Amino acid sequence: MNRLLAIALLCAGLAACSSTPPIRHYTLGPLPPAPAVAPSATGASLVVGPVGVPAAIDRLHIVRQQGGARAEVSDEHRWAAPLKTEIARRVAVEVARHSAYVRAVAWPQASIADPDLTLPIDVLRFDADGFERVTLEAVWTLRKGGHDVVSRRFSATETVREPSWDGLAAAHGRLVDALAADIVSALPIRP
């Protein structure tokens, strides 16, 4: 009987060691509800992207800075899609909601062959400092017919309201919304 008990305990111990924590996936936040009326197919158009991000965060794993130069890459907490895709999608939605550019779409899946404007974004920094704050620095340029119309540098820091992975993802989303608001403020009224 002792032998069976020892085998059972050994098996239970091995099973406990081999279990891995569940992987959780995050987005930059929920999208707002769709408008009651579909946007006009003839409205102003804008393609958001391509979006470039630093190699250190160009991954599905969420990265947090810990004590200056050390980065923590989480195995259990990941973005649901690449950050550059999430940023383009979120900016396109916010631009469509708050401007005359109702046909704003994210690159590369853009359905608009010849948009009125294009909006490439270069993210220079999108750092999470532990569970305390997130900083976004980016340079964006509005282009019409291959020529720069407006170019700006955006920089902001957002406090993580809840010290958790959910709170961290939400702070990232609020910063991208602030970037979108900066872009909307510079959009020409008419293309």
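Colleague: Which residues does Val91 touch, leaving out residues up to four places away in sequence?

Modeller: This is a predicted model, so every answer is computed from predicted atoms. Val91 touches Val48, Leu119, Ile121, Val176, Leu179, Ala180 and Ile183. A contact here needs heavy atoms within 4.5 Å.

Colleague: What makes Val91 stand out in the largest nonpolar core?

Modeller: That core has 45 residues. Val91 is among those with the most contacts inside it, along with Leu46, Ile121 and Phe126. Strand 2, strand 3, helix 2, strand 5, strand 6, strand 7 and helix 3 each supply at least two residues. Helix 3 gives the most, with eleven.

Colleague: Why would nonpolar side chains gather like that?

Modeller: In soluble globular proteins, nonpolar side chains tend to be buried together.

Colleague: How many helices and strands are there, and in what order do they come?

Modeller: There are three helices and eight strands. Along the sequence the pattern reads α-β-β-β-β-α-β-β-β-β-α.

Colleague: Why is Val51 called buried?

Modeller: Its relative accessibility is 9%. Buried means under 20%. The value falls under that cut-off, so Val51 counts as buried. Val51 lies in strand 2. Beyond its neighbours within four places, Val51 is in contact with Lys84, Ile87, Ala88, Ile121 and Val123. Val51 and Asp122 are 71 residues apart in sequence, with C-alpha atoms 5.7 Å apart.

Colleague: Why does Val150 count as partly exposed?

Modeller: Val150 has 22% relative accessibility. Buried would need under 20%, and exposed would need over 50%. The value sits between those limits, so Val150 is partly exposed. Val150 is part of strand 8. Not counting residues up to four places away, Val150 touches Trp140, Thr141, Leu142 and Ala186. Its C-alpha is 8.3 Å from that of Trp140, which is ten residues away in sequence.

Colleague: How much of the protein is buried?

Modeller: Buried residues make up 37% of the 191 residues. The accessible surface comes to about 10,700 Å². Carbon and sulfur atoms account for 57% of that surface.

Colleague: How do you know where empty space is left?

Modeller: Rolling a probe the size of a water molecule over the atoms shows it. The count is one cavity of 30 Å³ or more. About 50 Å³ of space lies in the largest cavity.

Colleague: Which residues line the largest cavity?

Modeller: The lining is Ile57, His61, Ile62, Val63, Trp79, Leu83, Phe126 and His172. Strand 3 gives the most, with three residues.

Colleague: What makes up that lining by class?

Modeller: Six residues are nonpolar, two are polar and none is charged.

Colleague: Where are the cis peptide bonds between Gly49 and Pro50, and from Trp107 to Pro108?

Modeller: The Gly49 to Pro50 bond has an omega of about 5°. Pro50 lies in strand 2. The Trp107 to Pro108 bond has an omega near 10°. Pro108 is in the loop between strand 5 and strand 6.

Terms used: Residues are numbered from 1 along each chain as its sequence is written. This is a predicted model: local features need pLDDT of at least 70, side-chain atom pairs count only at pLDDT 80 or more; totals for chains, interfaces and linings use all residues. Side-chain values use heavy atoms; hydrogens and water are left out. Helices (H or I, at least four residues) and strands (E, at least two) are DSSP runs, numbered from the N terminus. Buried means under 20% relative accessible area, exposed over 50%, partly exposed in between (1.4 Å probe, protein chains only). Accessible areas come from the Shrake-Rupley method with a 1.4 Å probe; for residues, only the protein chains shown count as cover. On a 1 Å grid over the protein atoms alone, a cavity is a set of points where a 1.4 Å probe fits but cannot get out, and a pocket is an open set with protein on both sides within 12 Å along at least five of seven lines; lining residues have an atom within 4 Å of a point. Grid points are joined across faces, edges and corners, and a volume is the space filled by probe spheres set on the points. Ala, Val, Leu, Ile, Met, Phe, Trp, Tyr, Cys and Pro count as nonpolar, Asp, Glu, Lys and Arg as charged, and the others, Gly among them, as polar. A nonpolar core is a set of buried Ala, Val, Leu, Ile, Met, Phe, Trp, Tyr and Cys residues joined through side-chain atoms within 4.5 Å.
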